[in-house]
Amino acid sequence: MIPAPGQPAPFDKPSPLNRAVGASALGNAVEWFDYGIYAYGVTYISAALFPGDTEEAVLFALATFAISFLVRPLGGLFWGPLGDRIGRKSVLAMTILLMAGATFAVGLIPSYDSIGFWAPTILILLRMLQGFSTGGEYGGAATFMAEYAPDDRRGFYGSFLEFGTLAGFSFGAALMLGYSLHLGSEAMHEWGWRIPFLIAGPVGLVGMYLRSKLEDTPVFREEMASADRRKPPGIAAMMREHWRPLLVVGGLVVALNVVNYSLLSYMPTYLQRRIGLSNEQALIVPIIGMIFMMVFLPFAGALSDRIGRRPMWRWSLIGLLLLVVPLYMLIGTGFAGAIVGFMALGLLYVPQLATISATFPAMFPTAVRFAGFAIAYNLSTSIFGGTAPMIGSGLIGLTGDPLMPAYYMMLACIVGLVALRFMPETAGTSLRDDPFARRPPIGKDQVTEARSL
């Protein structure tokens with residue numbers, strides 16, 4: 001519509017798809033903002049809230065990071081079936097509020113010198129609350145995004161969920177770095193590390209508001225209105241009827257999140273304590289690498305719409321399997337080598353990261369999509385992903401070999417390749433289909449065949 005002379009141009013309201021993408025990505029950014037500030041502030045957190053010498057305190061802090069992941073399957077078991085019953089958006093509004101509130105509260109915990117063992121105890125309880133809410137957040141956000149996106153562009157739109165992941169993580173890292181440079185080490189240890197945690201509160205309120213204003217996904221509303229809709233099956237029945245996608249997604253997530261948490265969460269600690277970089281350098285390397293990865297995410301998502309998800313995952317897993325050790329050796333050469341090595345690892349990881357929300361939700365039919373994805377994803381993540389920083393640090397301590405995180409990533413990639421062997425191609429197919437019901441041939445890419453169904 002052309003505005004009348006002297007009148008301002010009308011404001012074009014964002015489309016429901018764009019608003020859904022924005023609200024989903026913002027929630028994921030809040031989740032990963034918490035991971036970013038915790039991972040990049042672990043030195044300050046361990047000194048403020050844990051007893052013991054520096055090495056012991058850091059290990060305690062990394063163990064607390066892992067504890068939150070052990071609760072995630074319980075969150076998946078609770079939020080997933082609830083999301084299949086009452087809707088995606090209602091659950092997502094609640095999970096983002098719980099996540100942001102728990103992160104905000106971490107910034108208010110008194111120091112160990114003030115309240116003794118109550119400091120790490122409260123931190124553990126808050127991290128468990130974060131893990132419980134995250135158990136519904138990621139699976140719900142990916143399901144929400146996938147069910148809103150057009151079938152032939154699900155990879156492109158889904159990539160923006162992971163854009164939010166890296167944006168939140170980078171923002172958290174940048175805040176920690178900025179305050180560290182501005183305030184100095186003494187002020188950061190005393191109180192400066194708390195500021196990024198306190199910022200999560202208002203950001204979470206904005207995310208909850210945006211999500212509460214959205215309609216639920218068209219696919220879910222269609223399912224709810226269906227005359228032959230049946231009540232979602234219980235957990236036992238779902239595992240009995242949909243065990244194949246549960247195993248496939250779980251196996252792929254082993255590779256996905258061992259790489260993810262080794263590369264994004266543990267890397268600052270690794271660079272500082274094992275390679276000898278300064279605290280500031282150890283933060284700068286991943287920030288540069290994550291910004292580099294963000295540039296390629298939409299392109300990788302769009303490419304997966306054209307050639308399929310299976311080739312993207314295959315290239316990524318094989319590339320990491322072959323190159324992770326040489327790239328870790330490059331990272332060990334110093335600051336410049338660490339930047340180049342991290343960027344190369346990130347580029348190899350992008351084909352997996354960009355296609356998560358296009359690949360995993362499509363493995364399950366609508367009636368159990370939220371629950372199936374949440375349970376498979378969080379169970380595998382809690383066992384293998386969240387523990388990756390602690391395992392990597394522990395293996396180095398046992399063996400003295402700084403390449404142990406790389407070997408662990410290689411093992412995870414082998415598990416992922418085995419799972420990929422049994423994954424059907426879903427690029428271009430409708431989410432109203434059950435990909436495991438049509439038994440596609442395994443061993444070659446089937447994008448053209450899948451689109452013809």
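**Salt bridges in close-up**

**View 1. Arg 154 pairs with Asp 151.** In this predicted model, a salt bridge joins Arg 154 to Asp 151, and their closest N and O atoms are 2.7 Å apart. The cut-off for buried is under 20% relative accessible area. Asp 151 has a relative accessible area of 26% and is therefore partly exposed.

**View 2. Asp 34 of helix H1 meets Arg 127 of helix H7.** The two side chains form a salt bridge, with 2.9 Å between the closest N and O atoms. Helix H1 covers residues 16-40 and helix H7 covers residues 118-148, so the pair ties together parts that lie 93 residues apart in sequence. Both Asp 34 and Arg 127 are buried.

**View 3. Asp 305 and Arg 309 form a buried pair.** A salt bridge links Asp 305 to Arg 309. The closest N and O atoms are 3.0 Å apart. Are these residues buried or exposed? Asp 305 is buried, and Arg 309 is buried too.

**View 4. The whole set of salt bridges.** How many salt bridges does the structure hold? The total is eight. Among them are the pairs Arg 154 with Asp 151, Asp 34 with Arg 127, and Asp 305 with Arg 309.

Methods. Residues are numbered from 1 along each chain as its sequence is written. This is a predicted model: local features need pLDDT of at least 70, side-chain atom pairs count only at pLDDT 80 or more; totals for chains, interfaces and linings use all residues. Side-chain values use heavy atoms; hydrogens and water are left out. A salt bridge is a side-chain nitrogen of Lys or Arg within 4 Å of a carboxyl oxygen of Asp or Glu. Helices (H or I, at least four residues) and strands (E, at least two) are DSSP runs, numbered from the N terminus. Buried means under 20% relative accessible area, exposed over 50%, partly exposed in between (1.4 Å probe, protein chains only).
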